[in-house]
Number of protein chains: 4
Amino acid sequence: MTGPTTRAHFGERNAQNTMEIFERLESNVRSYCRSWPVVFDTARGSRLYAETGQPYLDFFAGAGTLNYGHNHPALKADLLEYLARDSIVHGLDQYTTAKRTFLEHFDQLVLRPRGLDYKLQFPGPAGNNAVEAALKLARKFTGRETVVSFTNGFHGMTLGALAVTGNSMKRGGAGVPLGHAATMPFDNYLDGQTPDFLWLRALLDDSGSGLDKPAAVIVETVQGEGGVNTASPTWLRGLAGLCEEYGILLIVDDIQMGCGRTGPFFSFEEAGITPDIVTLSKSLSGYGLPFALTLLRPELDVWEPGEHNGTFRGPGPAFVTAAAALRAFWADDTLERQTLAKGERVRRRLDEIAARHADAGVAERGRGLARGLVFDEPGMAAKVCRAAFDRGLLMETSGPEDEVAKLLPPLTTTEAELDEGLDILAAAVDAARGLDAPPAAPAEPGRLAGTR
Amino acid sequence: MTGPTTRAHFGERNAQNTMEIFERLESNVRSYCRSWPVVFDTARGSRLYAETGQPYLDFFAGAGTLNYGHNHPALKADLLEYLARDSIVHGLDQYTTAKRTFLEHFDQLVLRPRGLDYKLQFPGPAGNNAVEAALKLARKFTGRETVVSFTNGFHGMTLGALAVTGNSMKRGGAGVPLGHAATMPFDNYLDGQTPDFLWLRALLDDSGSGLDKPAAVIVETVQGEGGVNTASPTWLRGLAGLCEEYGILLIVDDIQMGCGRTGPFFSFEEAGITPDIVTLSKSLSGYGLPFALTLLRPELDVWEPGEHNGTFRGPGPAFVTAAAALRAFWADDTLERQTLAKGERVRRRLDEIAARHADAGVAERGRGLARGLVFDEPGMAAKVCRAAFDRGLLMETSGPEDEVAKLLPPLTTTEAELDEGLDILAAAVDAARGLDAPPAAPAEPGRLAGTR
Amino acid sequence: MTGPTTRAHFGERNAQNTMEIFERLESNVRSYCRSWPVVFDTARGSRLYAETGQPYLDFFAGAGTLNYGHNHPALKADLLEYLARDSIVHGLDQYTTAKRTFLEHFDQLVLRPRGLDYKLQFPGPAGNNAVEAALKLARKFTGRETVVSFTNGFHGMTLGALAVTGNSMKRGGAGVPLGHAATMPFDNYLDGQTPDFLWLRALLDDSGSGLDKPAAVIVETVQGEGGVNTASPTWLRGLAGLCEEYGILLIVDDIQMGCGRTGPFFSFEEAGITPDIVTLSKSLSGYGLPFALTLLRPELDVWEPGEHNGTFRGPGPAFVTAAAALRAFWADDTLERQTLAKGERVRRRLDEIAARHADAGVAERGRGLARGLVFDEPGMAAKVCRAAFDRGLLMETSGPEDEVAKLLPPLTTTEAELDEGLDILAAAVDAARGLDAPPAAPAEPGRLAGTR
Amino acid sequence: MTGPTTRAHFGERNAQNTMEIFERLESNVRSYCRSWPVVFDTARGSRLYAETGQPYLDFFAGAGTLNYGHNHPALKADLLEYLARDSIVHGLDQYTTAKRTFLEHFDQLVLRPRGLDYKLQFPGPAGNNAVEAALKLARKFTGRETVVSFTNGFHGMTLGALAVTGNSMKRGGAGVPLGHAATMPFDNYLDGQTPDFLWLRALLDDSGSGLDKPAAVIVETVQGEGGVNTASPTWLRGLAGLCEEYGILLIVDDIQMGCGRTGPFFSFEEAGITPDIVTLSKSLSGYGLPFALTLLRPELDVWEPGEHNGTFRGPGPAFVTAAAALRAFWADDTLERQTLAKGERVRRRLDEIAARHADAGVAERGRGLARGLVFDEPGMAAKVCRAAFDRGLLMETSGPEDEVAKLLPPLTTTEAELDEGLDILAAAVDAARGLDAPPAAPAEPGRLAGTR
């Protein structure tokens, strides 16, 4: 560019040193860019394109934020129209036509068909806002402080959410001790012999246990960041039953697994449970725009007006794309059935890969289109993801020791794309284990040239 | 609408009961909508339009989020183009062309001209993310826990930010005691006799004072939510000097007052200080899109990669509008000079109003285009804002007892619009105090009909 | 008495209402006096005498404070001589001849024969002072905050000690949330199937578990207040090994079980472990005088001079009786062998009682002369203790639901006295279960008349 | 001694190295012994004797624990008789004749003459137990967490008490952040211009101040450890009035200043206030025995039975000496009048010393027989105390920088002894400032030989 006071030229590149300014100006905290040292420019569906034109198949989907792919045309059309007509972009918690449209869609396409009567709180633009609001409300409603969380749970980086997050490196970033939380074993965490909730139930039954009666339990049905650990429907029902029995609120953090990632709109539907509070974000806007929701049973709605607030609680563009996404994908069960079928397709292929590498302790995990390959060998999952990237596939690692190569393709990824990605993955595992020929040249740049 | 599975018709109204669904589905926590019981639909510049077509002059600007007005054409053009070409909308902390463009603009138009060498952390989409990151970093860097905040400071609703926020109702929403913070008197808080920092300096000088050595001080230069309380340049310099003297980090929360609200880009420029950490959000994207920044002196950048993360840290649309806004408004000092001039214009008129109501203890406060009228009589500011709304002007109250009628017009508001709004305000004060004739009929709907 | 300005006449009784002043002036927090509504006056060995002359056999021993019985003649002689010659009664942490004598005794009779090289901290007069000092030191030494405690552990009522205490009623008295602690299952707490430390080890092995690395573990070898729950030597060795493996300090709280209660001087000797920190109090002075010790491995002694202080850290009388007790009871292994033999005698008899009431789910528990009878039926243990009191035997309940009748006779109780007490207990259980004849008349008053 | 298994010979000395065992076995935390490197053996009245026979005049009194001097004959007689007849030494919270006698004395000699209707809680043996119980009760009663404390307040080393203690070195020993407390300026702490309670009142009046409404205020009338800072009666009345006005409980920690140190039994009597809760310890037993009390207004007595407990809550010996002390010293106002007169005598002499050293910024402080000389020059107070010790006078430093030489002579110190000590002090100040001849030889050893 000739200078910032003139028109920006997106997509033009500074031939010499396209990444220098990131390294110079961005904090060391940046992370994904270290694994994928390219500058992305455009995207559509399940493909991203670097500014060189180099395409990448996306099995990452913005860490689960792009369940409907990049820049879905139906959502894009509504968004462009909304913006073009000078609609309300920023609305705090004022009433707007866009919010009303979203509420109508959410009511008719999500709540009513599932027999749910949640009230909606718009807690701020990010998942951590939804979690913070959920924790605050649970504590205010019950008058208790402790929240039970689970090993390898991930709920966000703000101080309240971080206290119920397991990762020690991220916890250490707080700079203060994190309190008012108690960690419990997630499903299948221990030796496979210990009965579910043996420990939690013992603590709750025993007035001398040292666990102060909890306000709430917060749980993910599949722990995406924690290693693609899945809670079985039985375990989830057990947890819901335990919460009801002891008068503890059940919060399902569906930020990554909701909006269809595991098949149904809510990931807990399969278990047949109804949480007291649900958090949603990531794919909620459908277009990658910041947006979050805290759903609460009506009797829990003890908030005073304004007791929790925030600047970005009324994002018109996100209301619009979220409503469009509900209309496009959740008016019937097509997407849910397709996701389950695609999930099976991925599972079968991952099982094959795992079987091929059985000598190295490789196993498949997951549900729906949240899948992972877990590797016994330290560092192997990262090697695999690097090899996949070299071959044009974006995947990230997951789990406390980064021991899982995680697959979160957009739900809209075609079967052909899934197969293409899985082929790359299979080759990447071979490569990472030193069993292969050098990678083939990546696909030619410029595939999406027509749109640029 | 005929049903959510068909195309949404924004702007169409359900004649019978346009607000029923908000009241039925939204949590009680909603607040602004209670003061302004209309459904907003479109906006441009300093005007919002209800779905009835009724226009409202905006002296609220999304609580300081819309410093450049609603849907500014220059920003809109870039945004539409960006979206139309399927650019990256959601990018976590990957490198993208949009982020690079933003970095280049911020470097060349903000940092370099001011001789600043901050590194940029993208902490998440909301101001509270910027604050949480600032607090975490300050604690991690210093190895200390306590953060000094000020009476009537406002920094956000997440647990870390809430601990340094003064408002007791909002603090009560936490449901747990808030710790690791110590409150100090803001400028001019006490009796007007007590020397600045007498108490804080005494605490720091005395190893028996009971104040654990602080990691940081967090301060707003003008407390927007806390009552439009202004810190003088002298006081800010005193605070900066004290921080340097005692080895305490200075965090300026410029979320509401930055981006030109008080005149210069950073509100602390007038004082000639350089904080260790600065938080920005609200008007940073320029278009009302969720976006936030934490700026840090390079030597403070002790983050581990990924130690603080979050889903919405790479918002392409916000990068684009933010860069466009910098190009449109910060390539020279035109906006700054205009804002100062407009601020004076507003101040003079508010002084007149205050003088007219001197018997009722009315006074003017503020800096730049952050202004307030403070009323001695409990409830009077709310009455005034209600009367202003009835006359087509949007203003909110501020301060611990809602004792201030706050004016945050877009900086792009014309002088004519300012005068129009101030006329309404003058009438509203008269009305609220029972000194007036009934309000004139509001302006005709449909002014912006051409754009709808 | 004729009035408080004249000489006090201890042992004289106010015939009308001997208890009125307690009820009128003492806080509701008083507790034991509610179970034993008599006014005690004198005591010797294993007998207490009410002011009526009514004797009571003592299977309570001041909650484990009187391991050598009441007013042991050898200790008494030294104490009286010490006081008579105007020795130092109160010495803060000055050097005194009495403290030197105590140190010499403790070194030669306790530390050296056991190959221990602990340093001694005099942390204050009560067990909670010893615990608070231990926790502070462990945190200061490691730079970590979390301390692992165990279900039904009891460590005291001050805020630090209370945070590692299990009992919910006592925790609730804090009035603030208790933090920096994590509760773990004590030995045999779960289902008898779960391997020892399965959960703790999993948490420590997993950097995503949500347990911040602990500074220390605090444990009792037998939980006296928590229900006479015994940790096996194997479990204790496992815990010590785990602490060493993970670099966590091991604190054994030997306040109730030390000083010979389970046989050896330290209750952990049987397990063959060497804790990093040991707390002692209760029977340490041997005479019921307030006294406490925190023992620490020399390399942990990172205290600054005066960093932990307190008024009653140099109690001359307690130094003297403690030294006398060591000389009288710990110069050889006679007491240890006798305690183990007596413990077996008690165990056998309790087993008989348990067998007789097998239909009611009665079982024996304990080690050495810390024993308990646990009852399935709620309230039964309290009934048994009440029936025992009616028959002249003092025993208290224990456990989170007061489900255990606890036996802590002085170690010096003769076999005949043990049998006498166990006969009463057997009758009390029968009575409490409705299987008996009315209680026989208690023994005649006045046995100790010669001393009064 | 010939070995610890034979009779202890108190007072015999090991000629070679009498202090080696302290240095070898005691933790580095020991402190007073570093200033006074002798081994004390006996004491009577206001004199201590080292084992060499060397006498020391005591202007320290066990840090205020020995208001009636060492081993007062009247108390000693009762104590020896009590022990000789095998009375109850350790009684938890059982009823005992000794406790009843104490209650009767306290009721008739302390409470009734002053029109007080406090209930008594025996919270454990140490002052920190009294403070912890007070804080817990205040929080439980009010349902609030924050306790307001004052700069340079000292309340104890347990975690709850430490949080309201000012000293940073001692706070640092906690190893965890200390919370639920807010520090405020003590009387005359600021510039002498700032009106009393300007800041606290502003915080309480302002719902946006960031101070959560406190449960209680805890205050000393004279801060003994904090530098002999005195609160004026006016300030104390202002504080009591403020507490009443805002519904905050007033806790006076009278552990060091109660029992006559400032003249009256309670140090707050002069101000004419009635605290809600009072803590007593130190001189309460009158003989240096561990003993503490928490006094509470009857309506605050919301404790559950056993909600706060502890092993050493029923110390028979302390009940006896405490009752004897009340009878000996508080049956009329003789002691109070004498203390005030002696205090004046001390004050006059200290003023003379201060005047002589006016060039060096020396000033007098204090009330009753709690007095101090404050020195501007760093390290000077310690030098003075060292010089005093060399001349046979025991005094300690006080204040956050050890800037005060503190005088706490027993109240029973004769005028001649006071003059003797003040002569030594005057010489010690001269010496420390290099204005004197070498010290005269100390008094001959063996003065109290008849008692040994």
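Guide: Start with one pair of residues in this predicted model. C:Leu120 sits across from C:Leu295, a residue of strand E13 in chain C. The pair belongs to a longer contact. Strand E5 of chain C, residues 119–121, is joined to E13(C) by three bridges. The two strands run antiparallel.

E13(C) has another partner. Strand E12 of chain C covers residues 277–280 and is linked to E13(C) by four bridges. This pairing is antiparallel as well. Here C:Leu280 has C:Leu293 as its bridge partner in E13(C).

Now look at the faces of E13(C), which spans residues 293–296. In a regular strand, side chains alternate between the two faces of the sheet. C:Leu293 and C:Leu295 lie on one side, and C:Thr294 and C:Leu296 lie on the other. These four residues are all buried, so both faces of the strand are covered, with buried meaning under 20% relative accessible area. The two bridge partners named above, C:Leu293 and C:Leu295, are on one side of E13(C).

Next, the setting of chain C. Chain A superposes on chain C by a rotation of 180 degrees, with 0.0 Å of shift along the axis and an RMSD of 0.0 Å. That is the relation of a two-fold axis. Of the interface residues of chain A, 100% are also interface residues in chain C, so the copies meet through the same surface.

Chain B relates to chain A in a similar form of words. A rotation of 180 degrees superposes chain A on chain B, with 0.0 Å of shift along its axis and an RMSD of 0.0 Å. The residue of chain A that comes closest to this rotation axis is A:Leu159, its C-alpha lying at 2.6 Å. Again one surface serves both copies: 100% of the contact residues of chain A recur in chain B.

H14(A) runs over residues 415–432, 18 residues in number. Its first and last C-alpha atoms are 25 Å apart, close to the 26 Å expected at 1.5 Å a residue. Its buried residues include A:Leu418, A:Leu422, A:Leu425 and A:Val429. A:Glu417 and A:Asp430 are among the buried residues too. Just past the helix, A:Gly434 has a positive phi of about 75 degrees.

Chain D has a helix of its own to compare. H5(D), residues 97–111, has 15 residues and reaches 20 Å, close to the expected 21 Å. Of its 15 residues, 14 are buried, and the helix is mostly covered.

One residue of chain D reaches another chain. D:Arg171 is part of helix H8(D), residues 168–172. D:Arg171 has a relative accessible area of 6%, so it is buried. Its side chain reaches the backbone oxygen of D:Ala163 at 3.2 Å. Beyond its sequence neighbours within four places, D:Arg171 contacts B:Gly210 and B:Asp212, among others. Within chain D, its contacts include D:Leu162, D:Thr165 and D:Leu178.

Last, the cysteines. Across all chains, a search finds zero disulfides. D:Cys33 is in none, and its nearest cysteine sulfur is that of D:Cys385, 16 Å away. D:Cys33 counts as buried at 2% relative accessibility. D:Cys385 is buried as well, with a relative accessible area of 8%.

Methods:
Residues are numbered from 1 along each chain as its sequence is written. Chains are lettered from A and ligands numbered from 1 in the order in which they are written. This is a predicted model: local features need pLDDT of at least 70, side-chain atom pairs count only at pLDDT 80 or more; totals for chains, interfaces and linings use all residues. Side-chain values use heavy atoms; hydrogens and water are left out. The expected span of a helix is 1.5 Å times one less than its number of residues. Buried means under 20% relative accessible area, exposed over 50%, partly exposed in between (1.4 Å probe, protein chains only). Two strands pair if DSSP finds at least two bridges between them. Copies are superposed by least squares on the C-alpha atoms of residues with pLDDT of at least 70 in both. Contact means heavy atoms within 4.5 Å. A disulfide is a pair of cysteine sulfur atoms within 2.5 Å. A polar contact is a pair of N or O atoms within 3.5 Å; within protein, one must be able to donate a hydrogen and the other to accept it, and residues adjacent in sequence count only if both atoms are side-chain atoms.
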